[in-house]
Amino acid sequence: MTDATLTAGQGLLVEESVFAPSVASPGMGGDDTLTPIDLYLRSQQELTAVDRFSRLHDDDASSHLQPAQARYYQDLIPLGPPGEGQQYAFSVDLDSCTGCKSCVTACHSLNGLDEGESFRSAGLLIGARDRSDGVGDGLEPWQQTVTTACHHCIDPACLKGCPVDAYEKDPVTGIVRHLDDQCIGCSYCTLTCPYEVPRYNARLGIVRKCDMCSDRLAVGEAPACVQGCPTHAISVEVIDRSTALAALVDQPGVALVPNAPPSSLTLPTTSYRSLRPMPAQAVAGDHHSLRPSHSHLPLAVMLVLTQVSVGAFVADLMLRAVASDVFAATIRPYAAAGALIVAVLALGASTFHLGRPLHAWRAVLGLGHSWLSREIVTFSVFAAAAAAYAGAVWRSLSPALVTILGSFVVISGVAGVLCSAMIYAVTGRRWWRLAVTAPKFVLTAAATGPALALTLGGFALAVSPTGAGAVEGGALRSAVPLLGVIVLATVAKLALEGVVLLHLRDATFTDERRTAILLTDDLRTLSVRRVTAALIGGVVLPLVLVGLWSEPVTSTTTLPWSLVLLSITLGLLVAGELAERRCFFSAVSAPRMPGALS
Amino acid sequence: MTADSTPRLRTRDGALTRELLREPAGHGIGQVPARTRPDAITAMVCGYCSTGCSLDIHLKDGRAVNLTPTTRYPVNLGMACPKGWEALAVLDAPDRATVPLLRQDNGKLEPVGWDVALSAFTDRMKAVQAEHGPESVAFLSTGQIPTEEMALLGALAKFGMGMVHGDGNTRQCMATSVVAYKESFGFDAPPYTYADFEQSDVIVLIGSNLTVAHPIMWERIAKNRNDPRVIVIDPRRTETAMAATHHIPLAPKSDLVLLYGLAHLLIEGDLLDEAFIDSNTSGFAEVRRAMKRYRPAMVADETGISVETLIDLAQMIGRGERVSFWWTMGVNQSHEGVRTAQAIINLALMTGNIGRAGTGANSITGQCNAMGSRLFSNTTGLLGGRDFTNPDHRQRVAHDLGIGVERIPAQGSMSYDRIVEGIHRGTIKGLWVIATNSAHSWINQREIRGLFERLEFLVVQDMYTTTETAELADLVLPAAGWGEKEGTFINSERRIGVIKKVKKAPGQALADFYIFKLLADAWGCGDLFEQWSDPEAVFAILARLSAGQPCDFSGVTDHVEVEERGGVQWPFPSALAGTVPEPERRLFADGRFYTPDGRARFVVDQPTAPMEQTDERYPLVLLTGRGSSSQWHTGTRTSKSAVLTSLAPRGPYVEMNPDDARENGIEPHRWVLVRSRRGTLRARAFVTPTVPAGSIFVPMHDEAANRLTFPAYDPHSRQPSYKHCAVSIEPVGAGPNASL
């Protein structure tokens with residue numbers, strides 16, 4: 001048995017069943033047929049702590065009413081719940097915090113979080129300040145660890161942004177709680193919270209965050225981080241909301257610590273205390289470290305495709321105004337159907353972004369406060385209207401109905417695109433501000449929509465019995481203004497995108513400079529592809545088409561060539577916009593608490 | 001939008017919510033995750049550093065599922081550092097050694113059975129010994145395994161296998177303190193107990209980043225109610241320096257001059273405890289004479305510390321009621337560490353700051369069982385803090401162990417560096433490395449890796465197959481780790497603590513104890529160790545061996561008693577058996593030391609310059625040390641925990657002063673190349689004023705750090721000087737965020 005077992009066991013876990021618990025351990029005699037190797041391997045698998053030290057467990061189990069550790073933390077938590085107009089808040093004594101980071105691991109272990117997950121993190125500030133020890137004078141180097149968790153804000157951005165109302169601010173304690181089973185895993189709160197508090201958990205498909213160990217507090221126990229701090233630097237206190245409000249509202253310069261986001265964004269309640277001067281020029285440990293953010297591919301696809309679709313519907317409207325009636329009439333059913341398919345694809349792509357897509361319907365709940373909710377609802381209306389419109393067009397229902405439905409499609413579509421822009425504009429990121437994002441999204445629609453409409457139009461002419469006549473009659477030439485729109489929109493968009501690169505020369509590490517560096521360094525390949533695709537697809541090919549259509553045209557040669565060139569234009573434009581949108585997510589510099597050396 | 005408006009449409013409970021459900025654990029522990037709610041709790045000491053914290057292991061069906069720090073343990077009072085919290089997590093790593101690996105003819109390490117591994121070990125090692133003599137096989141022990149195991153290792157290697165040379169990785173961290181204490185106190189005896197942190201009114205930390213390297217000891221300083229003055233002597237403005245009341249940013253390696261300068265001021269200022277000096281010490285006249293030349297102006301010049309500051313410091317030390325001095329690697333890992341440690345001891349002795357609450361010249365140890373290793377590894381010292389060259393000592397050990405005295409070598413072992421040199425000279429041909437990662441941690445790494453390849457047979461016994469050293473091995477023996485085996489550690493304050501078996505070792509990994517027993521049998525000397533049947537039996541043997549030594553703990557019977565007493569500090573002689581002494585005890589309350597005349601000895605010497613000076617080509621001093629509290633040495637364990645990894649910098653980095661960055665054209669976060677005469681290191685620049693101009697800092701956890709270090713050693717302790725060599729630094733790559 002020995003040799004066989006060993007051979008079989010090589011590189012594998014030894015089966016527990018091999019070692020019957022009844023057999024004695026080595027040194028105590030035992031089965032003569034077992035070699036010492038067998039005996040030791042078996043003994044190695046026997047867990048003895050409980051048997052050998054049993055008396056001590058009994059002592060321990062003789063149950064204490066209060067946890068033993070309470071003697072060290074009872075002064076660090078409030079005696080009772082907050083009163084009217086009050087709430088719980090974390091308080092951090094920076095002078096006591098020495099950077100051991102035990103709070104992070106205590107949170108992880110005492111809350112049973114997943115591998116690598118913790119609701120608390122530790123950052124670093126460095127700088128120089130006036131000498132504080134009275135020994136000599138001049139500047140002295142300074143560093144400070146900053147432990148941070150949820151700040152249980154008075155005006156929580158996670159709650160405001162959540163499309164499914166998976167957040168609540170407890171009316172008594174003020175703790176901002178996340179309802180894990182309500183969450184659909186859209187991750188929007190990870191963008192709205194300026195403190196990077198909610199974190200997405202891929203295993204569960206939801207975000208999770210600190211709840212100040214509320215059920216511990218409810219029974220007089222301290223939160224994990226408070227329990228785990230060797231120097232008692234973290235405590236929970238009761239604060240008056242009015243006092244906090246007075247200190248934070250309309251005080252754009254106020255932040256929790258240097259380098260933290262402005263507190264005016266969400267009115268955080270944590271207080272960081274220090275009796276020692278803190279240099280205003282302090283920088284975060286990760287101040288100069290740049291890493292691309294998550295590129296959110298499903299979102300990028302969803303954004304670009306909704307904008308392509310909306311743009312196509314608008315282009316369809318424009319065609320009616322500028323193109324020959326035959327052309328417009330020929331195009332319309334195809335453009336409507338094609339744009340509808342793109343819209344459906346866009347909405348389909350967006351579900352890949354959700355951790356729990358089956359619960360996506362809940363997104364109507366946040367309509368009153370969440371731009372994401374509004375976007376989802378608006379685009380749902382848009383898709384429904386587009387379907388009705390496409391149906392009406394294909395069935396050639398009354399022109400009045402088609403016009404009404406068509407207007408409704410365009411209005412809801414444009415509203416949806418603006419909702420999209422608002423989603424990002426409210427996150428407090430400089431590069432995502434409305435003045436930049438809204439034009440970007442609209443220009444995407446303006447550049448790609450006509451391309452889709454024209455491509456489908458070309459296809460319609462090719463398959464339609466009246467197509468050949470229309471082409472000969474100058475249908476294509478009448479659509480030249482749309483090519484002009486493509487070129488102008490593309491050039492305007494590239495210019496708009498290029499503005500951020502001017503910040504490469506910023507003297508300090510501004511948010512825009514970070515973005516510009518990322519775009520030209522880590523994301524250089526993507527940026528180059530983006531510009532190339534736009535220049536060829538949005539400028540060169542449309543101009544070639546203008547030339548092609550200005551010549552005398554024939555349905556047999558010009559139309560196939562046009563169709564090929566239009567398809568390539570469309571492909572390049574969409575690919576270019578997708579690349580731009582991935583950069584949009586990857587290169588943004590987010591407000592956050594000071595990070596650690598990285 | 002509020003909680004009440006849409007109550008029915010909000011799901012407040014369910015499988016996801018219950019993932020985070022907490023329940024009362026009972027057992028005096030508050031709420032814990034419901035999924036890992038324990039049915040029993042057992043306490044054991046941590047297996048990382050020498051603080052020796054106790055951790056309550058949460059057990060479910062006998063298996064460890066979680067842990068919390070033990071509240072009622074006199075060391076840590078319910079706290080742990082990140083490594084302690086994550087101690088269990090690293091046992092499940094995928095690169096655990098689960099089966100013996102033997103290097104085949106094709107050059108690859110392949111799995112073999114234990115029987116094959118045991119014969120490979122004995123056949124190959126015996127062949128080496130037969131050809132090159134018994135001394136040609138050496139071993140490198142560790143401060144990471146229990147005392148019982150390291151004693152068995154030392155006894156087996158020397159008394160059973162006939163090896164003469166064996167040393168431990170403790171040479172890299174504690175050798176300096178050992179030698180300093182032996183000479184000054186007559187025995188390797190750190191005199192303090194952690195309560196001294198709480199009772200001092202002046203605390204002097206020298207070369208110690210306590211808040212990061214020993215956070216739980218800093219916890220004890222934070223509990224000090226005397227509003228103590230905390231003086232940190234360190235070139236870098238570390239987290240500890242920030243937390244102190246006074247930071248003395250001395251020039252690198254000017255510590256001995258600084259300490260002598262303080263002694264000068266104490267003597268000149270008549271801030272001495274003359275009565276104590278007269279009755280309890282020897283050699284002070286020489287100190288008085290030798291310190292004359294360390295006038296403040298000269299000391300200020302060499303250390304960069306102003307005369308006023310020096311005077312302030314001397315006043316604080318001289319006038320303090322209870323002054324304690326603590327040092328760690330900044331002192332130990334130096335080319336003149338022993339004399340520096342003794343200069344600290346001198347200050348404590350001349351001011352009478354020893355043997356009383358809140359005082360002491362206190363070396364803070366590194367590894368969890370460095371103190372066990374110092375007494376019982378049977379490497380450079382004979383079991384029980386004895387001397388191989390002393391016939392009485394050999395006789396006593398032979399008698400206690402029931403072995404022939406001729407089995408005990410009459411010469412001490414070569415130190416680590418000389419074993420390495422032996423490989424170089426070809427006198428060491430076989431090497432057995434246990435629970436240490438020399439190929440990462442030894443100074444001047446390029447040399448040692450080359451030398452390991454020259455060995456005829458290299459055996460590495462470790463928990464992981466991926467250590468830099470295991471990858472060079474001819475034979476890898478898979479070891480069970482902390483949490484998977486039994487034994488005791490001795491912490492910095494001489495406290496013996498118990499470790500237990502609370503997790504199953506993976507695959508065929510075995511406790512080092514079992515591996516040693518199997519090797520003893522395979523070698524043919526198993527009969528010598530019949531009495532060494534299990535760790536507890538060995539504990540009894542060691543307790544017996546300790547009797548009569550300063551480290552006497554013969555008053556304790558077994559592991560259960562050690563645990564019941566909340567750990568046991570030596571000395572605990574049989575006279576104390578059955579009594580309940582103070583839980584925190586210090587040495588030398590009676591003013592008697594372990595020297596033949598009972599007096600502590602003052603030792604002074606001439607300061608010397610570091611071996612490698614900076615010059616035009618290598619203008620900067622390289623400092624190395626602990627990077628963060630979540631990292632342990634070469635990272636073989638701590639790199640396996642996702643939480644610990646997230647608390648440490650992501651990639652290699654080098655800290656440098658803004659002035660040096662400017663001068664060398666280095667922007668923050670830029671990739672740089674650090675060169676020394678021995679090698680290069682690539683890292684990102686972390687520009688921070690906390691590192692003084694003229695120096696750079698690289699964490700020792702970076703595998704490349706020791707490509708740069710210069711192989712200088714303290715002449716007395718043979719401890720490597722990791723904290724000083726000459727380097728240059730230059731930017732590489734194109735831009736601030738250039739990725740190479």
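**Chains A and B: contact and packing**

Tutor: In this predicted model, 103 residues of chain B are in contact with 83 residues of chain A, contact meaning C-beta atoms, placed from the backbone, within 7 Å. Residues are numbered from 1 along each chain as its sequence is written, and chains are lettered from A in the order in which they are written. Local features need pLDDT of at least 70 and side-chain atom pairs 80 or more, while totals for chains, interfaces and linings use all residues.

Student: How much of chain B is buried?

Tutor: Of its 740 residues, 65% are buried, that is, with 20 or more other C-beta atoms within 10 Å of their own, these atoms being placed from the backbone.

Student: And what box do the C-alpha atoms of chain B fill?

Tutor: Along the principal axes, the box is roughly 85 × 70 × 60 Å.

Student: Switching to chain A, how do the axes of H21 and H22 cross?

Tutor: Helix H21 (residues 524-550) and helix H22 (residues 558-586) of chain A have axes that come within 8 Å and cross at roughly 155 degrees. Axes are lines fitted to C-alpha atoms over the stretch in contact, with angles from 0 to 180 degrees between N-to-C directions; helices are DSSP runs (H or I, at least four residues), numbered from the N terminus. H21(A) and H22(A) are therefore roughly antiparallel, the term for angles over 145 degrees.

Student: Which residue classes form that contact of H21(A) with H22(A)?

Tutor: The contact has 17 nonpolar, 7 polar and 4 charged residues.

Notes. Helix = DSSP H or I, 4+ residues; strand = E, 2+ residues; numbered from the N terminus. Parallel < 35°, antiparallel > 145°, perpendicular 65-115°, else oblique. Nonpolar A, V, L, I, M, F, W, Y, C, P; charged D, E, K, R; others polar. Buried ≥ 20, exposed ≤ 12 C-beta atoms within 10 Å, placed from the backbone. Contact = placed C-beta atoms within 7 Å.
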